[in-house]
Amino acid sequence: MIDLSNDTHRRYNILTGEWVLVSPHRTKRPWQGQVEKNERVQRPTYDENCYLCPGNIRAGGHKNPDYKHTFVFKNDFGALIEDSPRDTYSKGDLLLAKGESGICKVICFSPRHDLTLPQMEVKEIVRVVELWTEEYLSLGSNPDINYVQIFENKGETMGCSNPHPHGQIWATSTIPDEPAKESKMMLEHFERTGNSLLGDYLALELEEKERVIFENDHFAVLSPFWAVWPYETIIISKRHIQHLGQFTEEEKEALAEAIKHLTVCYDNLFETSFPYSSGIHQAPTTGLDNEAWHFHMHFYPPLLRSATVKKFMVGFEMLGNPQRDITAEYSADKLRSLPTEHYLER
Ligand code: H2U
Ligand code: ZN
């Protein structure tokens, strides 16, 4: 057997069928880059120039209400447009394009300009989960919408345009590639074994414990075995449920608690507002039976060694496949050992 903590190896991603190259011995090479001091900039609770703060005017002249908890609106610059023509353009088999329609929305997590998810209370995050649920169900009930992607881009490095706590929803007529790959893998496992792919995987992880960072009665947070990003994690529901619409009140609260716990660990890791792209993968809204689907949430953070040293997907990774130096086991251990109180509140 290979030694996962020492020998160079490839790990298989059971959700996508793709591989990642892991080179643990490379963590032993010396690091001579800078180690910088993190700035603790305090943002104001309200910013008159922020287009997401309550009462302010957005592009196109829309005025935000004086919202008290969460607020959702249709993206004024949506990448997808409703009722866009779905025709096909083709030149033989060589040039192919298909019209795509959809709906883009923006969700403010809080009226407070200065907060982020890890600084919010669990009961406030529960309201975000409730809004995600309403949006998933209402957008999904539109016969033109077959997939609802809920996500958050956090931090300037991730291309986020505004520090006000917010996320986005892109609902599309087509199932995008990432969930489509997962759909295929989950279905294949379900048909072969009668079990949920992520259910079986989670049972194994909870037994091995090595990659588990946090668990409560309904969710587990772990560094997936096949992680690509240095501190990549996945939140998996313990119950084999397909989507947010099936959550009990207790499960909503447990998910909020898991998100809070994880994002506090993230911020504490380098004592910075930790950037990431996170998103929920759940059943497509095709109206078909999606029994094989298993609810989960991915977190893809780019930071590697400090608040500024990022991982880049370059060279072999662009041309071959992704590679990482620190193992998923190392990342889990690191995240698990951090204080559970946010560094700004200590
Ligand atoms: P990001 O910072 O993650 O890009 O999200 C902000 C979104 O808010 C972005 O998609 C939208 C942008 O199109 N937006 C509005 O809908 N109205 C505005 O007045 C400014 C920005
Ligand atoms: Zn704001």
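Which backbone atom lies 2.7 Å from an oxygen atom of ligand 1? A polar backbone atom of Ala59 does.

This is a predicted model, in which local features need pLDDT of at least 70, side-chain atom pairs count only at pLDDT 80 or more, and totals for chains, interfaces and linings use all residues. Residues are numbered from 1 along each chain as its sequence is written, chains are lettered from A and ligands numbered from 1 in written order, and side-chain values use heavy atoms, without hydrogens and water.

**View 1. Polar pairs at ligand 1.** A polar side-chain atom of Ser161 sits 2.7 Å from a ligand oxygen. For Gln168, a side-chain N or O atom is 3.0 Å from an oxygen atom of ligand 1. Taken alone, ligand 1 exposes 470 Å², and the protein buries 87% of that (Shrake-Rupley method, 1.4 Å probe).

**View 2. The shell around ligand 1.** It holds 14 residues (a heavy atom within 4 Å). Ala59, Asn75, Asp76, Ser161 and Gln168 are the closest. By class, 6 are nonpolar, 6 polar and 2 charged.

**View 3. The zinc ion (ligand 2) and its protein donors.** The 4 donor atoms subtend angles of 102 to 116°, so the arrangement is tetrahedral (four donors, all angles between 85 and 135 degrees).

View 4. Cys50 is buried, at 4% relative accessibility (buried means under 20% relative accessible area, with a 1.4 Å probe and protein chains only). Cys53 is buried too, at 0%.

How values were computed:
Donors = N, O, S within 2.8 Å, 3.2 Å for Na, K, Ca; no water. Tetrahedral: all angles 85-135°; square planar, octahedral: opposite > 155°, others 65-115°. Buried < 20%, exposed > 50% of the residue type's maximum accessible area, 1.4 Å probe, protein only. Polar contact = N/O pair within 3.5 Å; in protein donor to acceptor, adjacent residues only side chain to side chain. Nonpolar A, V, L, I, M, F, W, Y, C, P; charged D, E, K, R; others polar.
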